[in-house]
Amino acid sequence: MADVAVIGLGGMGSAAAWHLARRGATVVGFERFPEAHALGSSHGESRVIREAYFEDPAYVPLLRRAYDLWEETGKASQTTLLTLCGGLMMGRPDDDVVVGSTASARRWGIAHEVLDAGEIHHRWPQLTPAEGLVGLYEHRSGFVPPEASVRAHAALARRAGAELHFETAVTGWHREGQGFRVETAERDVHADRLVLAAGSWAGRWLGALGAALTVRRVPMFWFEADDWSRYEVGRLPVHVWDDPERLRLYGFPAHGDPAGGVKVAFFRAGGECDPDEVDRVVGDDEVDAMRRHLAARVPGLAGRCLDARVCLYTDSPDEHFVLGTHPEDDRIVVAAGFSGHGFKFVPVVGEICADLTLAGHTEHPVELFSPTRAALRSSG
Ligand SMILES: Cc1cc2nc3c(=O)[nH]c(=O)nc-3n(C[C@H](O)[C@H](O)[C@H](O)COP(=O)(O)OP(=O)(O)OC[C@H]3O[C@@H](n4cnc5c(N)ncnc54)[C@H](O)[C@@H]3O)c2cc1C
């Protein structure tokens with residue numbers, strides 16, 4: 001008998017398990033795949049973290065808490081979870097990335113610089129922005145490591161007493177007595193409350209709410225650098241390029257093994273897919289498309305593609321998270337629909353899940369993520 005069962009131990013579920021267990025709850029967690037696997041949304045070595053949030057300034061207070069928790073969790077687990085290397089958000093002056101980042105920076109007093117194309121190229125000759133492009137540079141941007149985060153949160157949760165079962169799929173759950181019976185092939189457990197953090201598989205558990213979510217296939221690429229040392233952390237910031245077609249290229253500074261290549265991807269460029277039947281092979285045409293974009297923007301990377309892997313987005317209609325108590329049962333907390341930009345928030349989402357599960361409310365501003373908002377109903 002557990003206080004809380006967490007379904008899905010990827011990015012969000014592993015953090016929820018830790019925040020619940022550290023507050024003394026009896027936690028049981030289930031994950032259908034091995035720990036820190038590569039079949040969901042939380043793999044591929046790096047995720048951008050940035051504070052001048054172009055999507056909406058309402059995210060900034062959550063980000064500030066997330067930064068603190070990344071530091072704290074890194075120390076507690078003796079893992080480097082937060083690497084700050086600066087971040088450059090580029091586009092034409094009226095593109096969403098530039099307008100939105102500037103609005104967030106001004107609204108929250110975030111230290112930043114605005115640079116024109118010439119200044120950007122002078123400072124980072126690896127980047128070749130077209131004339132007319134501008135960039136907002138923020139010092140506190142950087143990246144966090146998804147697999148290491150899952151491992152760190154799972155280890156901390158276990159140390160605090162959580163019972164975590166990997167390679168154990170939840171096959172169903174039912175209301176029983178005051179709580180729920182959660183079923184797996186090996187065992188059934190009883191829990192008073194549930195946290196549903198099933199990522200791209202969440203739709204199946206959420207009824208009408210689930211119908212509002214769309215799963216997308218998004219490749220990530222690792223290209224060989226013409227000179228690795230020019231791309232290393234300290235020499236190049238995280239960089240995002242807005243685009244009139246919304247095909248946004250973004251890249252990371254080089255870190256880890258030079259034989260692994262430098263990572264780049266497109267933000268929001270994914271075809272709809274079924275998470276169980278998705279094509280995991282990245283095609284030559286996809287690699288060529290990325291290489292063409294690199295040739296115009298980061299030409300020193302536009303050579304050999306060393307690796308490419310598929311990741312999954314779970315998009316809500318308005319691209320805001322779905323995070324709150326379930327509209328039909330307040331003993332169920334839903335953490336889903338992270339729409340391709342959730343990872344940087346992992347520790348604060350874990351904290352919010354613990355607040356909602358154990359106290360029934362949270363001090364964090366989560367109105368934007370309400371599971372009952374109109375945007376979810378209209379397409380549900
Ligand atoms: C290519 C790509 C780039 C991204 N870049 C960024 C970025 O730069 N910055 C950023 O902030 N975010 C980024 N994101 C988004 C971020 O990674 C996701 O929002 C986040 O990982 C979602 O975490 P999750 O826990 O919801 O999903 P997951 O980590 O996939 O976890 C869900 C888990 O539930 C498990 N599960 C499902 N069904 C069951 C079941 N029945 N029983 C047991 N377990 C089950 C799954 O196996 C899975 O492990 C990116 C995502 C992708 C794909």
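Two strands pair if DSSP finds at least two bridges between them. The strands themselves, and the helices too, are DSSP runs numbered from the N terminus, with at least two residues (E) for a strand and at least four (H or I) for a helix. With that in hand, take S12 and strand S20 (residues 329-336): three bridges join them, and they run parallel. Within this pairing, leucine 196 sits opposite valine 334 of S20.

Before going further, a word on what you are looking at. This is a predicted model, where local features need pLDDT of at least 70, side-chain atom pairs count only at pLDDT 80 or more, and totals for chains, interfaces and linings use all residues. Residues are numbered from 1 along each chain as its sequence is written, and side-chain values use heavy atoms, with hydrogens and water left out.

Strand S1 (residues 2-7) pairs with strand S12 (residues 188-196) in the parallel sense, over five bridges. Here alanine 2 has alanine 191 of S12 as its bridge partner. Strand S11 (residues 179-184) is joined to S12 by four bridges, but this time the two run antiparallel. Alanine 191 turns up again, standing opposite phenylalanine 180. Three residues lie between S11 and S12, and the two strands form a hairpin.

Elsewhere there is an open sheet of three strands, in the order S3-S8-S4, with antiparallel pairing. Its edge strands are S3 (47-49) and S4 (83-84), each of which pairs on one side only. S3 pairs with strand S8 (residues 142-144) over three bridges, in the antiparallel sense.

Now for the helices. Two packed helices are described by the angle between their axes and the distance between the axes. The axes are lines fitted to C-alpha atoms, for helices over the stretch in contact, and the angles run from 0 to 180 degrees between N-to-C directions. Angles under 35 degrees count as roughly parallel, over 145 as roughly antiparallel, 65 to 115 as roughly perpendicular and the rest as oblique.

Start with helix H1 (residues 11-22) and H5, which pack at an angle of about 25 degrees with their axes 8 Å apart. H1 and H5 are therefore roughly parallel to each other. On the H1 side, Gly11, Ser14, Ala15, Ala17, Trp18 and Ala21 meet Val150, His153, Ala154, Leu156 and Ala157 of H5, where contact means heavy atoms within 4.5 Å. By class, the residues of this contact between H1 and H5 are eight nonpolar, three polar and no charged. For these classes, Ala, Val, Leu, Ile, Met, Phe, Trp, Tyr, Cys and Pro count as nonpolar, Asp, Glu, Lys and Arg as charged, and the others, Gly among them, as polar.

H5 also meets another helix. The axes of helix H2 (residues 60-77) and helix H5 (residues 146-159) come within 10 Å and cross at roughly 65 degrees. That makes H2 roughly perpendicular to H5. Trp70, Thr73, Ala76 and Ser77 of H2 make the contact with Ser149, Ala152, His153, Leu156 and Arg159 of H5. The residues of this contact between H2 and H5 divide into four nonpolar, four polar and one charged.

H2 has a further partner in helix H8 (residues 346-358): H2 and H8 pack at an angle of about 100 degrees, with axes 7 Å apart. H2 and H8 are therefore roughly perpendicular to each other. Leu62, Arg65, Ala66, Leu69 and Trp70 in H2 meet Val346, Pro347, Val348, Glu351 and Ile352 in H8. This contact of H2 with H8 has eight nonpolar, no polar and two charged residues.

Finally, step back to the domains, whose bounds come from an automatic or database domain assignment. That assignment gives domain 1 (2-44 + 146-211 + 318-379) and domain 2 (68-143 + 214-315). Taken over C-alpha atoms, the centres of domain 1 and domain 2 are separated by 28 Å. Between them, 32 residues of domain 1 are in contact with 26 residues of domain 2.
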